[in-house]
Amino acid sequence: MSLLTSLLRMRADATGNAQATSRLRHLHLSDRPLMLLPLQQSGTADRPLAVMLGTDPARPELLLAPPTGSTTLMLTTLATRVGAYIEEHQHRREPPRATSAQPGPQRFLSAPQLLVPNADAAAYLQTLGRDLRLRPGGAPSAHSDPIRHLGQWLTYFANRAELAGTSALIPMTDFLTMHWATGQSPLEDQDLATLLAWIDPPHHNASGHQAALEAQDPATHRSAGPATDPAFDTDCLAPLFTTYRTRPREQASCLDDLRILLADYLHPTWERMWHASMLLQALPEAAGTRQRWKRERTEFTKFTAHLSRDGRPQPARDNPVAAAIGLAQREHAAAVFDAERALDDPFTRAELRTSGEAFGGTVTTVDADHLAYGSGNRALWRPRFTVSTSDPLHLQPGQALACHTHSGARYTILAITPHDSDTLVDLEVTAGMGTLARPRHAVLPDAGEFLVCTLAPDRYRRMPEFPAPDQIPWTHAGPPYPPRSRRRAQAASQMPPSPHLRADTTQHAIVERLPTLTHPGQVVNAPPGAGKTTLVINAAQALMQDGEPCIVITQTNTQADDLVRRLARSRTPIARLIAEERTVSPDIQALPGVRVGHRVEDLKTARILVGTAMKWATVRDRQWPWAIIDEAHQMRSDTLLRVGHLFEQALFVGDPGQLAPFSPVMTDRWAGLPHDPLNSAVAVLLAQNPQLPVDTLTTSWRLPPSAVPLIRDAFYPFTPFDAAPHQVERTLTFTAKGLRTPVDKAIETAARTGWALLELPARITHRIDAEAFHAALETATRLLERQTTASCDAHPQGRILKPRHLAIGVAHRSQARHIHALMTRHYPQLRGITVDTANRLQGREYSVTIMLHPLSGRWDASAFHLEAGRLCVLASRHRHACIVIARAGITSLLDSHPSNAPVHLGAASTTSDGWEAHHTVLARLAPHTIRAPASW
């Protein structure tokens, strides 16, 4: 939930009326939609009880299934009605374009649209469609069997509903909440009656809140389906079902009574559906809606052609490629929809500005004469300009932007430079500017003009590439590559093995046997600070072959850059493979023996090639004997599928307790499959290749002995480990005395025990807690002011801590931006300290970390904030001490929000439960708690 949406919900709660979040309609709404209100029989997975449907608000039709026995008659009638509605849209097509030499299939001029009350109804149609399309029947094809044909169409509609911005099947509650914010919870918004009461209360009600209270009165409230109210089941349905089952002669009259009862039950929802449709029709259509509906008609045309040509039903389960493509399509659709809405809707642009995904500012300089030179040294007009903004930014150089006031232009970020209290963004016009001979000056803003730039929708035009179904790599149960004859490789480095490798016999044994490994892969699990990077470096050097370099696949550019810096010390020829739009920092380019390039063909002299998984996925028609996958547990399995063709054998190194892969879209449909595209690469790899050897590094070289028990017990129930033995004692000492403040007491507690919990007074603050932010910055300030000296095996004589040795870890990017802003204004002495999210702190280490607890100041405990991996990363970046800052009341919050994550059959987990992990951490921190007074 964005900051603006939260504010509007608060305003709705205060005023008692829903607040508009958009004045434009972003989904197409047909003039003649098919309203579909399904009811499911209680206690069954997919058996229908009744369906009310129709295209005329005055003429609903109720289809009734008998309480017991066959539902064929009812389903056949439903198939006939839905089929007739679909056929209405299959008669007229667009005329072929005169400019097209080879026109493709002519798109239908219209497409069917189903409207259902809520998301549960859409999910039920998907379940029903799966059952019907795979139902055995005597007909030679699904097309000649109306029920199976209905199943195929219901599946098509349900699948389309999972793609953002589509209009084939729309849950009405989702459609309404896209345009209004209420004062009730998102879960309550799934009830059509109360949601509509908030948005458009009857005239006799003083407010939407009062109307919602009346709408949810148990005496009159009726569920919109597909499940019926338990009280209605017990008091009304159960007696009729019993009569139907026990008195055969009264079945006809019983069905008549049931029809009257259910018609009366569904009629209020039927009227609300048309009322909601009328409210939405009154909103003007956004500019991008027409283009999205055009895409919808294209997909409808394609599926109609598929049924006519092939007719086979959709499979019961997706194979690895189909699942990965399905997830990519859903993520792609969500990104495109967000970008298109941003161009159309000022509210969306405002939301994105608060989250750093868009910015508004004033054009300060314009270079209208700038030229670039293309192939053949041809001059290209590429004007540039600079925008000064005070908005927070979470964009990167190389990203393509668009502006709603210059819709035909596209801009590329050249540089982002902090300047005083603002940020300067250098932009280059890269599309829509015409040619040098015929320039289009309208795309170039004037100096002093105010622009709002958002991500360009066409930057998502290309879908990721995946292998063909018959070319699935061995990582996903495809055929293994034929082994090559190998001689034992010798490490290219002349440097002696690291102390970690000499002391850790497990690491040494792994590196020794890799060149002669007979299995296609090897998995190494490692806790925080166990020497994963050291293992990757030594393994890469051991696997280099004459003429056959080793490739290293990382998950982020930061990880790749850090690894290149470490590898460069060995003086081995290293290559850093980067995306076309990306540049690397000057220190990487200056490293001896390191080459940077955009194409593998330009890096032939390198013995070790390092790049991110996203970049390696663009490499085609190449294969190497070995690859090393760094942070493999962080990699998604669909990403592994895209790079699996690059190597014959691979070493997978990662931490099973840290952040798991994630997606912004729903992925429950694949949960439990052995090739779930959202599962970690290692989980899918081992599910498909159980014979692979798995080793575990059981020694943490980073964490001090004081930290290991907490981290191990809370986050690594399946991967026990210990602190490295025979280390120099790690200490934190202070030159200056403390001031007896809560901050100084917390610092001294952390120096003595390795942990401290600075507990602020209980308060609901949501994400932005200025008091907690100041506490974190004050803690870092006092560590520097007291000239804290840290000693360890790397610095036995001790070193005075500098800002670069400290980190502040948070859960949200917005928190990091606010802390950065406070630091710039009030704590300039902290310049150089790292302030970032758990996602970006993964794999890094510091002497002391200051962690803002993910649940601090919250009124709820969502899955995001409960995730064990996020807490683990924040709590395991330190070599000496970790100071946790949190508001009181987290234990009570956890108890009132028990873990409710669904359990999927076949879905195994190697990580701890987040709810339990949070309780464990708080219990261990209790003896180290420093409570700040209420006047803090």
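Predicted model: local features only at pLDDT ≥ 70, side-chain atom pairs only at ≥ 80, totals over all residues.

**A walk through the model**

Phenylalanine 385 and tyrosine 411 are both buried.

The aromatic rings come next. A pair of aromatic rings is described by the distance of the centres and the angle of the planes. Across the whole structure, 13 aromatic pairs are found. One of them joins tyrosine 156 and phenylalanine 157, whose arrangement is edge-to-face, with 5.4 Å from centre to centre and 65 degrees between the planes. Tyrosine 156 has a relative accessibility of 7% and therefore counts as buried. Phenylalanine 157 is buried as well, its relative accessible area being 1%. The pair of phenylalanine 385 and tyrosine 411 is edge-to-face because the ring centres are 5.3 Å apart and the planes stand at 90 degrees. Phenylalanine 385 belongs to strand β11 (residues 384-389) and tyrosine 411 to strand β13 (residues 410-419), so this pair ties together parts that are 26 residues apart in sequence. Tyrosine 156 and phenylalanine 157 also belong to one aromatic cluster, together with Phe108, Trp153, Phe300 and Phe303.

Attention now turns to a sheet. Strands of a sheet pair through backbone hydrogen bonds, either parallel or antiparallel. Here 6 strands make up an open sheet with parallel pairing, in the order β31-β30-β32-β33-β27-β34. At its edges lie β31 (834-837) and β34 (929-931), each of which pairs on one side only. From one strand to the next, the twist averages 20 degrees. Within this order, strand β27 (residues 755-760) and strand β33 (residues 878-887) run parallel and are joined by 6 bridges. Tryptophan 755 has cysteine 882 in β33 as its bridge partner.

The cysteines remain to be considered. A disulfide is a covalent bond between the sulfur atoms of two cysteines. The structure contains 0 disulfides. For cysteine 236, which is in no disulfide, the nearest cysteine sulfur is that of cysteine 254, 13 Å away. Cysteine 236 counts as partly exposed because its relative accessibility is 28%. Cysteine 792 is likewise in no disulfide, and its nearest cysteine sulfur, 17 Å away, is that of cysteine 882. Cysteine 792 has a relative accessible area of 3% and is therefore buried.

Note on methods:
Residues numbered from 1 in each chain as written. Heavy atoms only, no water. Pairing = 2+ DSSP bridges. Helix = DSSP H or I, 4+ residues; strand = E, 2+ residues; numbered from the N terminus. Axes fitted to C-alpha atoms, helices over the stretch in contact; angles between N-to-C directions. Disulfide = S-S within 2.5 Å. Buried < 20%, exposed > 50% of the residue type's maximum accessible area, 1.4 Å probe, protein only. Phe/Tyr/Trp six-rings, centres within 6.5 Å; stacked < 30°, edge-to-face > 60°.
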